[in-house]
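Thanks, everyone. Let's get started. Please have the sequence and the model open as I talk.

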Amino acid sequence: MEELSEHYKDKLRIEYHHYPLGFHKAAEPAAIASAAAQNQGKFWEMAHKLYDNYGGLASADFNEYAKEIGLDVAQFKKDMDDPDVIGRVRRDKAVGDKIGVRGTPSMFVNGRRINARDLEGFKKEIDTELAAVEALTAKGTATAEAVRARIQAVPINTDPKNAYPGRDQFLSFVLDDGELDYSTEKNPPPPPPPPVDKTVFNAVVNDGDPAKGPDDALVTIVEVSDFQ
Amino acid sequence: MARVRQPSNIKQAGGISLTTVVFAIAVFGISGYLLHKEFGDTGDESDTSTASSGLSSAAYAPAMGPADAPVVLAKWTDFQ
């Protein structure tokens, strides 16, 4: 994303929206931690910490990350419980639900869902959209109106099996920031993430089990797996 | 064009002294400065921080790039 931002400079805006998946137990607390860091102007710094440590997203870690990136930790802890901060995350999630987000990451370029996953794929999508907007602005349309027109031109997909409900929800809840019930009264703060499992297992290795490395190695990694 | 008569019971605003005008300007100036100091420009103004407004999203979305960019890439994701 940083590479795209650097490449397109003022022609591209990249927006981050929270969509913590339900089965990722620490995803919502992590999203709230980033929103709390955003209150002190350090969303991206916290985001990098969270991505770099995705295996250690326990609540104690958030405070440590906050300290490492130079946040006022007392304020950060307070903001983690702030209904407005939690509400920002939950509104994003609710908007995502409205526009058909079902997995992460889900990306939209001027309202169009894209499936690109590499740099060249992103550039192709962005270049196409940039050309379309510039064709409109060349005729005298203001940039904001040109972007709106491009979103309005997204075809409505009426196929219920398709995850993208269409442009209207995008216009209403993303472009126009429409009303959406994401109140924290109806959605109490999430429970803290479960503690890290520190159980030590005695993994029995039998003679003749497939192995690499010497028998008297100082560290042994035991992998239990299948081929599917 | 029809003329509107001024009701006779409205007090005219004439006769304000120069001292009053200068005092009012000073009060407004100081108030404005204090309000700006208290609430204005407290955040990171970098485009890589929080958006103050956006073409395609709520004002709170963290964003890179200007609010009036011709292309907006909106990403929904999580950290896990």
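One definition before anything else. A residue is buried if 20 or more other C-beta atoms lie within 10 Å of its own. Keep in mind that this is a predicted model.

Now apply that cut-off to A:Asn39. A:Asn39 has 21 C-beta neighbours inside 10 Å, so A:Asn39 counts as buried. Where does A:Asn39 sit along chain A? A:Asn39 is in a loop, the one between α2 (27-38) and α3 (43-52). Leave out residues up to four places away in sequence, and A:Asn39 touches A:Asp79 and A:Val85. A:Phe76 and A:Asn39 are 37 residues apart along the chain, yet their C-alpha atoms are separated by 8.3 Å.

Step back to chain A as a whole. Chain A has nine helices and three strands. Reading from the N terminus, the order is α-β-α-α-α-α-α-β-β-α-α-α. Chain A has 228 residues, and 32% of them count as buried. Next, contacts between residues at least 6 apart in sequence. In chain A, 60% of those join residues at least 24 apart.

On to the cores. The largest nonpolar core has 31 residues. Which members touch the most others? They are A:Leu12, A:Ile126, A:Val174, B:Val71 and B:Leu73. Both chains contribute. From chain A, β1 (12-18), β2 (106-109), α7 (119-138), α8 (143-152) and α9 (167-175) each supply at least two residues. β2(B) gives the most, with five residues.

Zoom in on B:Val71. Beyond residues up to four places away in sequence, B:Val71 touches A:Lys11, A:Leu12, A:Val109, A:Asn110, A:Ile126, A:Glu129, A:Leu130 and A:Val133. As background, nonpolar side chains tend to be buried together in soluble globular proteins.

Last stop, a helix pair. The axes of α7(A) and α8(A) come within 9 Å and cross at roughly 125°. That angle makes α7(A) oblique to α8(A). The crossing is right-handed. Who meets whom? From α7(A), we have A:Glu129, A:Ala132, A:Val133, A:Leu136 and A:Thr137. Facing them in α8(A) are A:Thr143, A:Ala146, A:Val147, A:Ala149 and A:Arg150. By class, this contact has six nonpolar, two polar and two charged residues.

That's my tour. Over to you.

Key. Residues numbered from 1 in each chain as written. Chains lettered and ligands numbered in written order. Predicted model: local features only at pLDDT ≥ 70, side-chain atom pairs only at ≥ 80, totals over all residues. Helix = DSSP H or I, 4+ residues; strand = E, 2+ residues; numbered from the N terminus. Buried ≥ 20, exposed ≤ 12 C-beta atoms within 10 Å, placed from the backbone. Contact = placed C-beta atoms within 7 Å. Core = buried A, V, L, I, M, F, W, Y, C linked by C-beta atoms within 7 Å. Axes fitted to C-alpha atoms, helices over the stretch in contact; angles between N-to-C directions. Parallel < 35°, antiparallel > 145°, perpendicular 65-115°, else oblique. Left-handed = near helix turned anticlockwise from the far one by under 90°. Nonpolar A, V, L, I, M, F, W, Y, C, P; charged D, E, K, R; others polar.
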